[in-house]
Amino acid sequence: MRNSSWVCFDCKEAVRRDRERSNDVLCPSCGNSMTYLGYKIPVPPKRNTKKWLELREQILIRKSYTNKTESSILHEQLDACTEELKMLRKATPSSHRKSRVLELQNKRNRLKALIASPIE
Ligand SMILES: [Zn+2]
């Protein structure tokens with residue numbers, strides 16, 4: 001039997017349960033409903049705030065993705081990133097531009113990975 005993970009983004013808590021027998025999983029710390037993560041996505045270490053933010057973003061995108069079916073919000077986001085990158089490449093070089101380009105490239109890679117491996 002495979003265990004799945006649930007997380008609380010506010011407390012950075014994670015619990016593992018058998019999915020078949022768990023409907024509403026509550027956070028042991030704050031008592032709110034936890035977000036279902038599945039069994040494939042690794043839970044970040046508690047101290048790694050950046051990873052938790054990325055995970056939250058990823059889960060939000062997946063949620064809207066499943067609601068929107070194939071008219072994919074992922075592709076919309078990917079297009080938006082590509083457009084902004086194009087504009088930035090024409091802009092005057094600056095340290096701000098450089099970090100924004102890196103940020104967008106990372107986001108684009110994450111989106112591409114999500115598109116390549118849809119929700120279980
Ligand atoms: Zn909590």
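**Figure 1. The largest nonpolar core of the predicted model.** In this predicted model, the largest nonpolar core consists of five residues: Trp6, Val7, Cys8, Met34 and Leu37. Strand S1, which spans residues 3–8, supplies the largest share of this core, namely three residues. In soluble globular proteins, nonpolar side chains tend to be buried together. Of the 120 residues of the protein, 9% count as buried.

**Figure 2. The surroundings of Trp6.** Trp6 belongs to the largest nonpolar core. Once its neighbours within four places in sequence are set aside, Trp6 is in contact with Ala14, Val15, Arg17, Val25, Met34, Thr35, Tyr36 and Leu37. Among these contacts, Met34 and Leu37 are also members of the core. Which residue of S2 stands opposite Trp6? The residue in that position is Val15. In S3, the residue opposite Trp6 is Tyr36.

**Figure 3. The three-stranded sheet.** The protein contains three helices and three strands, and along the sequence these elements follow the pattern β-β-β-α-α-α. The sheet is open, has three strands in the order S2-S1-S3, and shows antiparallel pairing. Its edge strands are S2 (13–18) and S3 (35–38), each of which pairs on one side only. Direction ignored, neighbouring strands of this sheet are turned by 35 degrees against each other on average. Strands of a sheet pair through backbone hydrogen bonds, either parallel or antiparallel.

**Figure 4. The pairing of S1 with its two partners.** How many bridges link S1 and S2? These two strands pair in the antiparallel sense over six bridges. S1 and S3 also run antiparallel, and three bridges join them. Within the pairing with S3, Ser5 has Gly38 as its bridge partner. In a regular strand, the side chains alternate between the two faces of the sheet.

**Figure 5. The hairpin turn and Lys12.** S1 and S2 form a hairpin in which four residues lie between the strands. Lys12 is located in the loop between S1 and S2. The phi angle of Lys12 is near 55 degrees, which is a positive value in a residue other than glycine. Is Lys12 buried, partly exposed or exposed? Lys12 counts as partly exposed because 18 C-beta neighbours lie inside 10 Å, whereas a buried residue would require 20 or more.

**Figure 6. Leu78 in helix H2.** Leu78 has its place in helix H2, which covers residues 73–90. Leaving aside its neighbours within four places in sequence, Leu78 is in contact with Arg108 and Leu111. Leu78 and Lys112 are 34 residues apart along the chain, and their C-alpha atoms are separated by 7.7 Å. Leu78 is partly exposed, because 18 other C-beta atoms are found within 10 Å. For the protein, residues 24 or more positions apart account for 44% of the contacts with a separation of 6 or more.

Note on methods:
Residues are numbered from 1 along each chain as its sequence is written. This is a predicted model: local features need pLDDT of at least 70, side-chain atom pairs count only at pLDDT 80 or more; totals for chains, interfaces and linings use all residues. A nonpolar core is a set of buried Ala, Val, Leu, Ile, Met, Phe, Trp, Tyr and Cys residues joined through C-beta atoms within 7 Å. A residue is buried if 20 or more other C-beta atoms lie within 10 Å of its own, exposed if 12 or fewer, and partly exposed in between; C-beta atoms are placed from the backbone. Two residues are in contact if their C-beta atoms, placed from the backbone, lie within 7 Å. Two strands pair if DSSP finds at least two bridges between them. Axes are lines fitted to C-alpha atoms, for helices over the stretch in contact, and angles run from 0 to 180 degrees between N-to-C directions.
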